[in-house]
Amino acid sequence: MAATGAGVLSAASSFSPLRHGRLIHAQLQPKVSVAARESVPATVLQSSTTTNGGSHNGRLEKRSEATRVGQKYDSVAKSEGESSSSFGLKDYYEQSIGMMRSNDGGPPRWFSPLECGAPSSDSPLLLFLPGFDGVGLGLMLHHQRLGEIFYLWCLHIPITDRTPFTELVKLIERTVRSENHRSPSRPIYLVGESLGGCLALAVAARNPDIDLMLILANPATCFSKSQLQPILPFLEIMPEQLHFGMPYLLSLLTGAPLRMVTATVEKGLLPLQQTVGELSKAIIDLSSYLSVLAEVLPGDTLLWKLQMLRSASAYANSRLHAVKARTLILSSGKDQLLPSQEEGERLCRILPKCEIRKFSDSNHAILLEDGVDLVTIIKGSSFYRRAKVLDYASDYFPPSPSEFKKLYESCRWIEVATAPVMLSTLENGKIVKGLAGIPSKGPVLFVGYHMLLGLEVIPLVSRFWAERNILLRGIAHPMLFEGSNGTIDVSAYDTIRVMGAVPVSGSNLYKLLSLNSHVLLYPGGVREALHRKGEEYKLFWPERSEFVRMAARFGATIIPFGAVGEDDLAQVVFDYEDQMKIPFLKDELEKMREGIVTLRTTTDGEIGNQDPHFPLLLPKLPGRFYYLFGRPIETEGMEAGIKGQRENT
């Protein structure tokens with residue numbers, strides 16, 4: 001058995017396919033010498049029956065206390081991200097060589113990466129369908145995190161294998177049907193990049209009755225419009241002696257070599273000597289990358305792959321009408337091989353349940369780029385579930401320290417600009433600076449006032465996480481999850497979903513309280529966050545306290561709170577009433593309203609006016625946010641009293 005920097009390789013050379021006592025197709029690498037370790041892939045079929053129950057309540061585990069957000073993130077996130085950040089395109093192709101050197105003729109088979117841990121026993125299965133090269137290591141940056149919430153199998157297609165596209169579809173289909181038969185109540189995820197995207201769509205079209213979830217990264221369904229299409233006729237007539245140069249041309253089209261070199265500069269300002277050293281290393285890596293690429297994709301293999309792409313694209317496109325699975329498309333803005341963003345938009349128009357996430361600065365190999373976290377994307381798009389129906393409360397996984405750090409950095413300007421001050425009330429009624437008066441143990445229900453646009457939520461959530469290790473799970477408007485006939489880009493709210501927000505409903509509040517969560521509730525809703533001119537700090541709450549009975553049922557602690565400062569930072573100059581007076585804006589608002597779930601339909605007055613719109617604001621500086629959390633109200637034992645009062649009424 002030989003160890004590498006990223007994993008351990010089994011010494012077995014025969015099939016050893018075992019997953020919880022069940023057989024799957026996988027071939028393990030033969031024993032290697034110490035000298036050959038650098039070129040060996042860090043993959044092995046892993047068998048495990050242990051489970052990781054995980055914590056789904058409002059508490060975040062394994063995090064050190066700190067008083068400032070930035071200090072807390074750096075050390076933890078750095079150690080957490082070391083395993084993935086050390087990989088790159090060069091490592092990917094070097095490890096690919098190790099798998100290709102087995103030089104067997106097939107058949108294609110599944111393997112499970114060693115980096116994957118032991119997910120919970122009810123975790124769904126994720127099948128990774130590789131792209132152009134067929135190696136199956138395209139998720140190497142994501143193996144560890146995916147292995148915490150999925151059973152992960154990757155498809156490996158040997159370099160000399162010549163299995164036609166239709167046979168690959170049948171191979172995947174057999175696995176899907178077998179696993180669906182074993183666990184019919186669980187979804188099966190198909191993650192396909194490029195060619196793999198065509199495979200995923202083909203399998204979904206042939207199996208509309210199976211619960212599939214598709215994630216397509218730059219799918220090759222647009223092959224006829226790509227820069228690869230003109231290459232194919234030349235390859236077919238080109239003498240075999242000249243095929244050796246085609247992988248180099250292909251690498252230039254992908255933009256990968258330039259990406260490898262420029263990545264050094266993009267890291268930030270470094271001392272001159274360090275910059276020169278890293279740039280020199282990047283150029284050496286580039287040389288290794290090109291030589292490795294030529295070995296991974298020799299001329300005859302390249303020709304076969306391009307021919308397969310052509311047939312795969314035609315096959316998948318002819319069956320798009322039959323795809324019923326929910327689909328998430330990841331589209332790169334700088335894909336030099338395929339017009340990926342245009343294709344993503346086209347597929348979204350055709351597929352009935354489809355969303356798209358755009359990455360403007362990414363190239364074709366999007367899943368091998370730093371900064372692209374597939375787990376975060378899945379959670380942010382509400383794409384993770386373990387049963388037939390998504391449960392926003394129990395299917396949620398709290399963000400990791402590095403994940404939260406990225407989210408916080410993108411919104412840090414709000415906290416810097418508002419310099420929030422938080423005051424809490426102890427049980428004896430004393431008001432103190434900070435969050436010492438907040439109970440650590442849930443369930444806790446925070447009931448507060450929505451400031452303009454609801455921007456107060458961002459500093460609120462970050463401070464609770466940093467100072468008290470508490471994750472606030474917000475009750476949010478359904479339009480943040482479902483959009484409105486395409487008029488609202490729900491991807492803008494991915495951060496809110498990653499932080500645990502759920503659509504407003506009695507059942508979701510019930511589930512969160514049953515999980516002992518810290519829940520954030522704004523009774524005023526959209527009407528309060530989008531108040532009109534002259535309505536600064538005005539409450540829009542229903543007359544009846546809808547949440548008290550639910551809180552009392554679980555003995556939850558209720559903490560009322562108020563926030564001020566946002567109306568001192570900006571002034572509404574063009575509100576809902578003004579927009580409704582302009583015909584074309586009125587039509588747009590009515591169109592937006594038609595596509596969203598309407599709340600408080602039985603409520604009269606302004607509280608029932610929950611129509612979304614985007615007011616025009618005029619900044620007023622300086623300003624500061626202030627939060628005051630009232631004395632905790634215990635509801636333990638109140639349920640019987642509320643029930644008796646209701647009966648008397």
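**View A. R468 is buried, at a relative accessible area of 16%.** Buried here means under 20% relative accessible area, with exposed over 50% and partly exposed in between (1.4 Å probe, protein chains only). The model is predicted: local features need pLDDT of at least 70, side-chain atom pairs count only at pLDDT 80 or more, and totals for chains, interfaces and linings use all residues. Residues are numbered from 1 along each chain as its sequence is written, and side-chain values use heavy atoms, leaving out hydrogens and water. R468 sits in helix α14, which spans residues 457-468. Helices (H or I, at least four residues) and strands (E, at least two) are DSSP runs, numbered from the N terminus. The R468 side chain makes a polar contact of 2.4 Å with the side chain of S440. A polar atom of the R468 side chain also lies 2.7 Å from the backbone oxygen of I438. A polar contact is a pair of N or O atoms within 3.5 Å; within protein, one must be able to donate a hydrogen and the other to accept it, and residues adjacent in sequence count only if both atoms are side-chain atoms.

**View B. N469 has a positive phi, near 60 degrees, and is not a glycine.** N469 lies in the loop between α14 and β13 (472-476). Relative accessibility is 7%, so N469 counts as buried.

**View C. A cis peptide bond runs from G442 to P443.** Omega of this bond is near 5 degrees. P443 belongs to the loop between β11 (431-433) and β12 (444-448). P443 is one of the residues that T557 touches.

**View D. T557 is buried in strand β16.** The strand covers residues 557-564. T557 has a relative accessible area of 7%. Its side chain meets the side chain of E634 in a polar contact of 3.1 Å. Leaving out residues up to four places away in sequence, T557 touches P439, P443, V444, L445, P632, I633 and E634. Contact means heavy atoms within 4.5 Å.

**View E. D211 occupies the loop between α5 and β7.** Is D211 buried or exposed? At 17% relative accessibility, D211 is buried. Its side chain pairs with the side chain of R385 in a polar contact of 2.5 Å. Beyond its neighbours within four places in sequence, D211 contacts R186, P187, I188, R385, A387 and K388. D211 and I188 are 23 residues apart in sequence, yet their C-alpha atoms are 6.5 Å apart.

**View F. S382 is another non-glycine residue with positive phi.** Its phi is near 55 degrees. S382 is in the loop between α12 (374-380) and α13 (401-418). At 11% relative accessibility, S382 is buried.

**View G. Helices α5 and α10 pack with their axes within 9 Å.** Helix α5 spans residues 195-206, and helix α10 spans residues 299-317. The axes cross at roughly 35 degrees. Axes are lines fitted to C-alpha atoms, for helices over the stretch in contact; angles run from 0 to 180 degrees between N-to-C directions. From α5, the contact uses L195, C198, L201, A202 and R206. From α10, it uses M308, L309, A312, S313, Y315 and A316. By class, this contact has nine nonpolar, one polar and one charged residues. Ala, Val, Leu, Ile, Met, Phe, Trp, Tyr, Cys and Pro count as nonpolar, Asp, Glu, Lys and Arg as charged, and the others, Gly among them, as polar.

**View H. The largest nonpolar core has 51 residues.** Such a core is a set of buried Ala, Val, Leu, Ile, Met, Phe, Trp, Tyr and Cys residues joined through side-chain atoms within 4.5 Å. F165, I172, V176, L190, L212 and L214 have the most contacts inside the largest core. Elements giving two or more residues to this core are β4 (125-129), β5 (151-156), α4 (165-182), β6 (188-193), α5, β7 (212-217), α10 and β9 (354-359). Helix α5 gives the largest share, nine residues. Another core, of 38 residues, lies apart from this one and includes Y93, F111, M140 and F397.

**View I. L212 touches residues that include V176 and L190.**
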